[in-house]
Amino acid sequence: MQCSLVDAPNKVPDHQRFYQRAYNQHTRLWKINPRSNVLLMPYYVLLWGSFGASMYMLGRKVLGYNTWFGKN
């Protein structure tokens, strides 16, 4: 019986080279992984969307409107 985990090649040096090469090119650590865009894009949309909505409502509140739309 052969266990694949025991005979698996050591990929750590390859991963280290990959990350160090990207890091030396001044790429942010959280943007190096190829899956980073999939994880970060929803975060950026929520972050800037909620910030934009807050600023919009801040402006409306300063002008005296208490609702998202209309004059009330």
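In this predicted model, a residue is called buried under 20% relative accessible area, exposed over 50%, and partly exposed in between.

**Exercise 1.** Classify Trp68 and Tyr56 by their relative accessible area, and then work out how their rings are arranged.

*Solution.* Begin with Trp68, whose relative accessible area is 44%, so that it falls in the partly exposed class. Tyr56, with a relative accessible area of 36%, is likewise partly exposed. Turning to the rings, the centres of Tyr56 and Trp68 are 5.8 Å apart and their planes stand at 20°, so the pair is stacked, because planes under 30 degrees apart count as stacked. Since Tyr56 belongs to helix α2 while Trp68 sits in the segment after α2, the pair ties together parts that are 12 residues apart in sequence.

**Exercise 2.** Determine how many aromatic pairs there are, and describe the geometry and setting of the pair formed by Trp48 and Phe51.

*Solution.* The count comes to four aromatic pairs. Among them, Trp48 and Phe51 form an edge-to-face pair, with 5.7 Å from centre to centre and 90° between the planes. Both residues lie in helix α2 (residues 36-62), where they are three residues apart, about one turn of the helix. As for accessibility, Trp48 has 54% and therefore counts as exposed, whereas Phe51, at 43%, counts as partly exposed.

Notes: Residues are numbered from 1 along each chain as its sequence is written. This is a predicted model: local features need pLDDT of at least 70, side-chain atom pairs count only at pLDDT 80 or more; totals for chains, interfaces and linings use all residues. Side-chain values use heavy atoms; hydrogens and water are left out. Rings of Phe, Tyr and Trp (its six-membered ring) pair if their centres lie within 6.5 Å; planes under 30 degrees apart count as stacked, over 60 as edge-to-face and the rest as tilted. Helices (H or I, at least four residues) and strands (E, at least two) are DSSP runs, numbered from the N terminus. Buried means under 20% relative accessible area, exposed over 50%, partly exposed in between (1.4 Å probe, protein chains only).
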